Amino acid sequence: MKHAIARVADHPRNGPLRALLGLLLAAGISAATPACSQSRSDRAFLEWAIQIEIQQQDMGRIAERRAQLPAVRELGTYLLGRHRQAEARLRQTASRLGVALSSRLSATHLRVQNRFASIPSANFDKSFIRHEIGDYRYFIAHFNAAAASHDRSVQQYATNELASLRQDQTRILTKAH
């Protein structure tokens, strides 16, 4: 890394850059600090993933309150706990990488919640399960992509969560039958 910086700094038009890099290196600051090393796609994935974790907790709460079948209420309780733990792991990963994550749900995800809060009780269970089946296909596709990240922390987080997401997907599919 230092050699690559030196090559850039040695370019004739980069005198000011050379001075700045010299100051940064003297101060012990390198270009590889966590906040600087994140690719846009990794940062976007982490920001997307926090929305998913928050939304799934909220969807679990809604299912606990609105589901007619005990199995769907239990699934809601499970999703709430599971995604609370996943959120904690995600926040640890993001913190290590210097990425600040929101604690608020996006407008898009709020609309989904509001829709489920207003579904007639007689239709809730079936609609909830159908929605979760689609969500988990979507989640798994995104986490698969993130598992190929060049950043080891993002790659490890995504890979570890994939196993849980697949188990969750199986659990949800069994409620559909």
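User: Hey, before we look at this thing, what does "buried" mean?
Analyst: A residue is buried when its relative accessible area is under 20%. Keep in mind that we're looking at a predicted model.

User: Got it. So how much of the protein chain counts as buried?
Analyst: The chain has 177 residues, and 41% of them count as buried.

User: Okay, new topic. How many residues are in the largest nonpolar core?
Analyst: That core has 39 residues. Phe45, Leu46, Phe116, Phe124, Phe128 and Phe143 are the ones with the most contacts inside it.

User: Which elements give two or more residues to it?
Analyst: Those are α4 (40-66), α5 (70-97), α6 (107-118), α7 and α8 (152-175). The biggest giver is α4, with 10 residues.

User: You mentioned Phe143. What does it touch?
Analyst: Leaving out residues up to four places away in sequence, Phe143 touches Phe45, Trp48, Ala49, Glu53, Tyr157, Ala158, Glu161, Leu162 and Leu165.

User: Let's go to α4 and α8. At what angle do they pack?
Analyst: At about 35°, and their axes are 11 Å apart. Their crossing is left-handed.

User: Which residues make that contact?
Analyst: From α4 you get Asp42, Phe45, Leu46 and Glu53, while α8 brings Val154, Tyr157 and Ala158. Sorted by class, the contact has five nonpolar, two charged and no polar residues.

User: Last one: where does serine 127 lie?
Analyst: In helix α7, which covers residues 121-146.

User: Is it buried or exposed?
Analyst: Serine 127 is buried.

User: Why does it get that label?
Analyst: Because its relative accessible area is 17%, and the cut-off for buried is under 20%.

User: And which residues is serine 127 in contact with?
Analyst: Setting aside neighbours within four places in sequence, serine 127 is in contact with Phe116 and Ile119. You've already met Phe116: it's one of the residues with the most contacts inside the largest nonpolar core.

Technical notes:
Residues are numbered from 1 along each chain as its sequence is written. This is a predicted model: local features need pLDDT of at least 70, side-chain atom pairs count only at pLDDT 80 or more; totals for chains, interfaces and linings use all residues. Side-chain values use heavy atoms; hydrogens and water are left out. Buried means under 20% relative accessible area, exposed over 50%, partly exposed in between (1.4 Å probe, protein chains only). Helices (H or I, at least four residues) and strands (E, at least two) are DSSP runs, numbered from the N terminus. Contact means heavy atoms within 4.5 Å. A nonpolar core is a set of buried Ala, Val, Leu, Ile, Met, Phe, Trp, Tyr and Cys residues joined through side-chain atoms within 4.5 Å. Axes are lines fitted to C-alpha atoms, for helices over the stretch in contact, and angles run from 0 to 180 degrees between N-to-C directions. A crossing is left-handed if the near helix is turned anticlockwise from the far one by less than a right angle, and right-handed if clockwise. Ala, Val, Leu, Ile, Met, Phe, Trp, Tyr, Cys and Pro count as nonpolar, Asp, Glu, Lys and Arg as charged, and the others, Gly among them, as polar.
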